[in-house]
Every structure is written in C-alpha cells, then in structure tokens.
Amino acid sequence: SEAATTPSAVTFPKSFLWGSATAAYQVEGGHAAGGRAPSIWDTFSKTPGKTHGGDTGDVACDHYHRFREDVALMKRLGLNVYRFSVSWSRVMPDGVTVNPEGLRFYSDLVDELLNAGIIPWLTQYHWDLPQVLEDAGGWANRETAYAFENYAVVLHEALGDRVRQWTTLNEPWCAAFLGYANGHHAPGRTEPSFALAAAHHLLLGHGLAVHRLRERDPELELGLTLNFTDYRPADPASAGDVDAARRLDGSFNRFFAEPIFHGTYPADALEDQAGLWPDDLIHAGDMELISTPIDVLGVNFYTGELLTGADPGEASAAAASARTEGGPNPNVGSEHVSSVRRGLPQTAMGWEVYPQALRDLLVRLHTDYTAEAGVALYVTENGAAYDDVVEADGSVQDTQRLDYIRRHLRALHEAMEAGADVRGYFVWSLLDNFEWAFGYAKRFGIVRVDYQTLERTPKASAHWFAGVARTGVVD
Ligand code: PNW
C-alpha cells in the first residue's frame, strides 16, 4: 500500500527475479560421498598454508545432505530463483566417465526447487576443476575446453528437461588469474603465460558449450557470469593514473567482455601483455566460437576502486591487495598499478562500499555490449562479508549487510531507470560458507551457519530481503 512506502522507496517490476547464490565447493561438503573425486580446491585447501587456518570444504555447510532444508528455507524467504553450481568431479570423477549417483544429487536438488516454486539457475563451473584434469595440464591445456563441452552435454542430458537457465562459467578472471598467475586460488600456480592460456581455454570451453547446447536446445537461456570492478583513476588529471585505470579495466573487465561480445581481445590489453602470451594459443575459429551469441550476461559486483600508476615504489601486487592478500601480480602485464582508498567504509574483506559504481557499471555494460546484442543483464552476485555478532536471543542484527544490499539495490534501480535491461538480483550468499582462501573466517550469508551444529539462522538481512522479494519495494 502507498502509506507503507517511504517517499524515496523504489519499486521493481513484477517480473524482476529475486534470488540467492551459492557454489558447490563452498557449501556442499560431502567431499567423498556418492563417488565424488577431488577437485583442485580439495587439493589446494589441503596443501599447508593455502587457506585460512587450513580450512577445507570437506563438510562446509553440508548442503549435500541438507539441501531439502535449504530449499525449504529459500521458500520461506519467498525467493524466486536459486543460483547453484555443479561439482564437476561429483558428476564425472575421472573427468570422462559419468557418475549417476553424482548426477542424482543435482536432479534431486532441481526437483526439490521446482516443487518449491523456485527456478533452478545452474552454473556449470565455479572453479572446482576435477583434479585429474589439472594433472593433465588443467585450464592451461586446450583439451580441458573440450572436456568442458562434454561435461555440458552430460549435464544437459540429465537436467535440461527441468533446468532452463544455464551459466557456463563463473568469473573466469578469478579461475585464470588468481589460479594460475597469482596463486591465491587453486591450483595455486604462478605463471603469467599459463594464466593467459587458462583464460583463453576457459572462454573457448564456454564457446564450445554454448554452441553445442544451442544446437541441442534452442530455447535454453544461455550465458556466463563475469566479475567486474569499476576502475577509475585516483587523479583524473594524472596521465599515470588514467593509464593505470585503463590497464586494469582492460585486463579485468574488457578482457572477457570484448571476446564474448565482439570476438576480439582488447588491443590495448594485448599490447600490455606482449611477450607473455604463449605462441599459437589462439587457433583459427576460436574467436567465432567464443563470441557465439548468448542470452544472459551475469554480473558479479562487489566494489569499485581508484587506481594510481604514479608510484612505482609501491608493490605491484598492491593493486589487488585487498582482494588477494599479496602474491605475484594477478593483473598480468600491469605492474606498478596500485589502489588508493577512497576513505569509504569497508567490508570485512577490506572492499570499499561504493554502490554508485554498480549503477555506472550496469549502464556501461548495457551501452557497450548487451543492448546491441539483445542480451539481458542479471546481477548474479552482490553482497558483503561482515563480522556478525550473535545476540543473546540468538538473532543476528547484520544492519551493515542489510544496508549494503539496500544501497546496491537502489543503485541497480537507478541503472534500470537509465535504460539498463536488468532482470534479476542474486544476493551472495544464501549461507555463510567456505570463502575460498579465507576459509570460514569471512561470512557472506544472509543466513548464519553455526559450523559446530550446522544450524541455519536467517539474519536480519534475510528477513528484510524476504520483504523485498515479496513486495518488489526497496525502502
Ligand atoms: C566471488 N577479486 O569471488 C565468487 O564468485 C564467490 O565464490 C565468492 O565467494 C564471492 O565473490 C565473494 O568473494 C571473488 O579478487 C573473489 O576480484 C575474488 C575477487 C572477486 C570475486
């Protein structure tokens, strides 16, 4: 009703989808259940010194055994859609042979979601490559792209009758550059040329899968999810700062968007990375495959950064310091770029809260890429880690997280008013979970997980978000 909304409340279209997101290795646990074999994240997390406190995803949120409870929880919160990823090594433990018991888990999950009236939104790859494929060279090996295509077909055969929203990759930047250049992520390699090979083969795998799935099923909604950071020069009058922002925008944002939408790597990024690209990496026809038309671009957004190139005295890896905790520079070809704080409030990850950047980014993506291609935008991840406090009554009053989500939804709405075709929003994450190298120390959930009892407790942000999903109104 009118009276219930404040004058500045914003209202989203009825058709707008409200969801939450997770990823297999971060929530499932059940690491050896039902014939699952190790992925690179099992290996990496069990390598001393790689994750906070040696945390692993062996148990995680035990979603593998508790998915029915988690679906019921989403239903109670009134969410329309659930973005989950499939553990490749659960479904194809040796990378080749299909494991029916692994597939059954996802089939049961999908049925449970559909019975609850929740749309299943499947991500094929959220960083957990089967270890056997890594042993054969991982994403640096071109064959992995073809294995990924076969994996797409296996999933589509088993789930395509019920799953219509299909994301090939989540954040190939992280998989390639944190995994193979910076080493903060599995497989923990630190070879710039491997990272570039991995990036190309990830994109190739995406293209092969989209091409193949489109042939099999023209009505499927196909896409991928990229992570974007809004990079701006700290001092717009400084040529060094302007160049720093251009470089990271090139190697992080445009590096993936340009091949997908325009079939080329950005010329300036290629120049910055000259001498680092392996010979003969790009075969004839690759770029056509990579730019196979898609329907949906998923956007993961957390922060915007100011950059400076002015002080080469600062460690080059400082560019990503807040996001990777050091290690070799993940931004291959962009040494001597570092980030400058805006002085804004930060989340527990050290990421500055700057919602305006989400509005600007969505408008830019619409203008530069998606409008012309007739592609819909979804924010497939947005959210924040905070050091939550459990009150005496057991509740979690996570007002900072609630405020983070509220402000980003308002920015998203502004982008829609400016013409961006954004059709849904997924909060990261449904549950507190295994935050990669940060282990269980960083909590992103709108639902608290007690890692002793595995009990789930919706936080204040979850109750608030349920209201948004029900009314479409953000106050
Ligand atoms: C994303 N960076 O990770 C992932 O898709 C999620 O699995 C993760 O839990 C979430 O964001 C929160 O971190 C990122 O360094 C990791 O730019 C690193 C970066 C960005 C996203």
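## A walk through the predicted model

Aspartate 62 sits in the loop between H2 and H3. The phi angle of aspartate 62 is near 55°, a positive value in a residue other than glycine. Most residues other than glycine have a negative phi, and most peptide bonds are trans. Aspartate 62 has a relative accessible area of 12%, so it counts as buried, the limit for that class being under 20%.

Threonine 51 is buried, with a relative accessible area of 8%. Leaving out residues up to four places away in sequence, threonine 51 touches Trp41, Ser45, Phe434, Trp436 and Ala437.

Cysteine 61 is buried as well, because its relative accessible area is 0%. The structure holds zero disulfides. For cysteine 61, the closest cysteine sulfur is that of cysteine 174, and at 19 Å the two are too far apart for a bond; a disulfide would need the sulfur atoms within 2.5 Å. Cysteine 174 is likewise in no disulfide. With 6% relative accessibility, cysteine 174 counts as buried.

Rolling a probe the size of a water molecule over the atoms shows where empty space is left. A search of the whole structure finds five cavities of 30 Å³ or more. The largest cavity contains about 370 Å³ of space. It is lined by 25 residues, of which Trp127, Glu171, Cys174, Tyr302 and Trp351 are the closest to its centre. Helix H8 (172-182), strand E6 (221-233) and strand E7 (296-308) are the elements that give two or more residues to this lining. By residue class, the lining of the largest cavity divides into 13 nonpolar, eight polar and four charged residues.

From the cavity we turn to the packing of side chains. In soluble globular proteins, nonpolar side chains tend to be buried together. The largest nonpolar core here has 152 residues, and Phe177, Leu409 and Leu412 touch the most other members. Helix H9 (residues 192-216) gives the most to this core, with 10 residues. What does phenylalanine 177 touch, not counting residues up to four places away in sequence? Its contacts are Asn182, Gly183, Ala195, Leu196, Ala199, Phe255, Phe256, Pro330 and Val332.

The loop between H8 and H9 is the place of proline 187. A cis peptide bond joins alanine 186 to this proline, with omega about 5°. Another cis peptide bond runs from tryptophan 428 to serine 429, and its omega is near 10°. Serine 429 lies in the loop between strand E10 (422-428) and strand E11 (447-449).

Although leucine 454 is not a glycine, it has a positive phi of about 65°. Is leucine 454 buried or exposed? Its relative accessible area is 9%, so leucine 454 is buried.

Alanine 140 belongs to the loop between helix H6 (131-135) and helix H7 (143-159). This residue is partly exposed, because its relative accessible area of 23% falls between the limits of 20% and 50%. Leaving aside its neighbours within four places in sequence, alanine 140 is in contact with Tyr180, Phe194, Ala197, Ala198 and His201. The C-alpha atoms of alanine 140 and valine 422 are separated by 34 Å, and the two residues are 282 residues apart along the chain.

The last stop is arginine 254, placed in helix H10 (residues 239-262). Arginine 254 counts as buried because its relative accessibility is 15%. Apart from residues up to four places away in sequence, arginine 254 touches Arg246, Asp249, Pro259, Pro266, Asp268, Arg364 and Tyr369.

Notes
Residues are numbered from 1 along each chain as its sequence is written. This is a predicted model: local features need pLDDT of at least 70, side-chain atom pairs count only at pLDDT 80 or more; totals for chains, interfaces and linings use all residues. Side-chain values use heavy atoms; hydrogens and water are left out. On a 1 Å grid over the protein atoms alone, a cavity is a set of points where a 1.4 Å probe fits but cannot get out, and a pocket is an open set with protein on both sides within 12 Å along at least five of seven lines; lining residues have an atom within 4 Å of a point. Grid points are joined across faces, edges and corners, and a volume is the space filled by probe spheres set on the points. Helices (H or I, at least four residues) and strands (E, at least two) are DSSP runs, numbered from the N terminus. Ala, Val, Leu, Ile, Met, Phe, Trp, Tyr, Cys and Pro count as nonpolar, Asp, Glu, Lys and Arg as charged, and the others, Gly among them, as polar. Buried means under 20% relative accessible area, exposed over 50%, partly exposed in between (1.4 Å probe, protein chains only). Contact means heavy atoms within 4.5 Å. A nonpolar core is a set of buried Ala, Val, Leu, Ile, Met, Phe, Trp, Tyr and Cys residues joined through side-chain atoms within 4.5 Å.
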